[in-house]
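Look at the structure first, then read on.

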Amino acid sequence: MRCSVVSANGFPGYINSWFETTGRKTFGFVKEMGNVVVFLWHTLRWTFSRPFYVKNVLKQMEQIGFNSIPVVLTTALSTGMVLALQSYTGFKRFGAETLIGTVVSLSMTRELGPVLTGLMVAGRAGASMAAELGTMRVTEQIDALSTLATNPVKYLVVPRFVASTIMMFFLTALGMIIGIIGGYFVGVKVLGTNPVTYIKNSINNTEVTDIWYGLIKALVFGAVVGIIGCYKGFNTVGGAEGVGKATTGAVVVSCMLILIFDYFLSALLW
Amino acid sequence: MAMIELLDVHKSFGDLHVLRGVNLTVEKGESMTVIGGSGSGKSVLLKHTIGLLFPDKGRVIVDGQVLNDLDEFGLNEMRKKFGMLFQGAALFDSLTVWENVGFGLKQHTKLSDKEIRKKATEKLALVGLKDVEDKMPADLSGGMKKRVGLARAIAMDAAIILYDEPTTGLDPITADAINDLIVDLRKKLGVTSVAITHDMQSAYKISDRIAMLYKGEIQEIGTPEQIKSTTNPIVRQFITGSAVGPITAE
């Protein structure tokens, strides 16, 4: 006969176990987010105090920004082109093909430019930051920095955080432009929409604030990628396996936070 | 005069009580080695002396200053008195050998790169290395990495040098060469040194005094001769490397 274990509070054991696991994970998540906020506070504090490691910032700008250009360009171009193609299919049904330009430019500036750039940079540069700092942690290079009287947050985290925030802004701007060009190419050259109407509609229906909203999102996403990549790397434990976990964690958490912040920023910057 | 004092130092990580009231004094110019098995708390103890970790209870005093009471700036100033050789050398992968050795000088002095490189070359010569300045750490052998790590530790003319398992992972001949180097540097520079190791040959060779750490407490402190002739069963078992005795393998 099958009998279920009933605990002291009257619930079956597996229910208690489920609540325990959920509770532990929730506490763990809240605690980690608290630690991230503390880490961000330290980073911001050191960002605005001397000495400034300008050379490190420039190096990181190259690694995070310049080296991400190919992946961002490919994503933006593809998205702009697909967007034009898909909108044409839908809009043609009620004779609104001329509005393709508006859809492409609004989507690229307000939403897809920053979000896709953010996700791509999180996957490329965020992972790289976590892996690099994680390796430095497990090989005691971060401790070595401290013993050499150099603040590791200031020396390692601040340049990555600053570079990630600034470069996400420019990469997103580039992504917006390339996406719109891709849309124009498909809309005008492939699908045969009138170029003058296409450009006129795009310009008339896209305001400067749309571009700014997208770029403000980019700054926030850049800060998210930088801080999460560095936090995960900085707090790596457990050798090679730990570095792997930190890298995966950095990409997953950054992407999730980008999508969460995207909603709230969209609601705020309506 | 005491250079480093650990007074009733306790440290826990979660439920794990690693240091359970450690008392240890290292005199100025003395070479102290802390021995103990894996997981005995040696590394934790060493990290307390340079403020990489802070005690839950108790005090760490270096050169008359209580480490626990120092702010960020004070702690960094204090750390300039130290040089530390890490177990895996912990060289910065992205920097060349001379940039590694001159890292402290670059951060804390106004010397030009040319002068820093010259100083780095001098320190590298002191540890028996030449023509490696432009190599990357990945191009060096384990023994060479330790030497570069040692050159980095002495580059700022530190008063105290900490050695974390200086001979671990090295072949016996290279290990002995590192021991000779530690003894030689101490004679030349007159520094205070604290080493942690489980290599008894190394401990006997480089130490003025040896302290045995077991289960978070200092079991015995004495000169190498006193340690060799100890009657303490725990210390006896450890120095003879016997599997039979009060210490059980983990």
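In chain B, strand β4 (residues 57-62) and β5(B) pair in the antiparallel sense over two bridges. Strands pair if DSSP finds at least two bridges between them. Strands (E, at least two residues) and helices (H or I, at least four) are DSSP runs, numbered from the N terminus. This is a predicted model, where local features need pLDDT of at least 70, side-chain atom pairs count only at pLDDT 80 or more, and totals for chains, interfaces and linings use all residues. Residues are numbered from 1 along each chain as its sequence is written, while chains are lettered from A and ligands numbered from 1 in the order in which they are written.

**Four-stranded sheet, chain B**
- I61(B) has V66(B), in β5(B), as its bridge partner.
- The open sheet has four strands in the order β2-β1-β4-β5, with antiparallel pairing.
- β2 (16-27) and β5 (65-66) of chain B each have a single partner strand, so one side of each is left without a neighbour in the sheet.

**Six-stranded sheet, chain B**
- This open sheet runs β6-β7-β8-β3-β9-β10, and its pairing is mixed.
- Its edge strands are β6 and β10 (217-222) of chain B, each pairing on one side only.
- From one strand to the next, the twist averages 15 degrees.
- Strand β9 (residues 209-214) of chain B runs antiparallel to β10(B), joined by five bridges.
- M212(B) has E220(B), in β10(B), as its bridge partner.

**Contact between the chains**
- Ten residues of chain A are in contact with 15 residues of chain B. Contact requires C-beta atoms, placed from the backbone, within 7 Å.
- On the chain B side, α2 (72-79), β6 (82-85) and α4 (103-108) each supply at least two residues.
- α4(B) gives the most to that side, with four residues.
- The chain B side divides into eight nonpolar, five polar and two charged residues. Nonpolar covers Ala, Val, Leu, Ile, Met, Phe, Trp, Tyr, Cys and Pro; charged covers Asp, Glu, Lys and Arg; the others, Gly among them, are polar.

**Helix packing, chain A**
- Helix α4 (residues 100-138) and helix α6 (residues 152-190) of chain A pack at about 145 degrees, with axes 7 Å apart. Axes are lines fitted to C-alpha atoms, for helices over the stretch in contact, and angles run from 0 to 180 degrees between N-to-C directions.
- The contact of α4(A) with α6(A) divides into 15 nonpolar, twelve polar and one charged residue.

**Confidence**
- The model scores ipTM 0.89 and pTM 0.87.
- Chain B has a mean pLDDT of 89, pLDDT being the predictor's confidence in each residue, from 0 to 100.

Definitions and conventions:
Contact = placed C-beta atoms within 7 Å.
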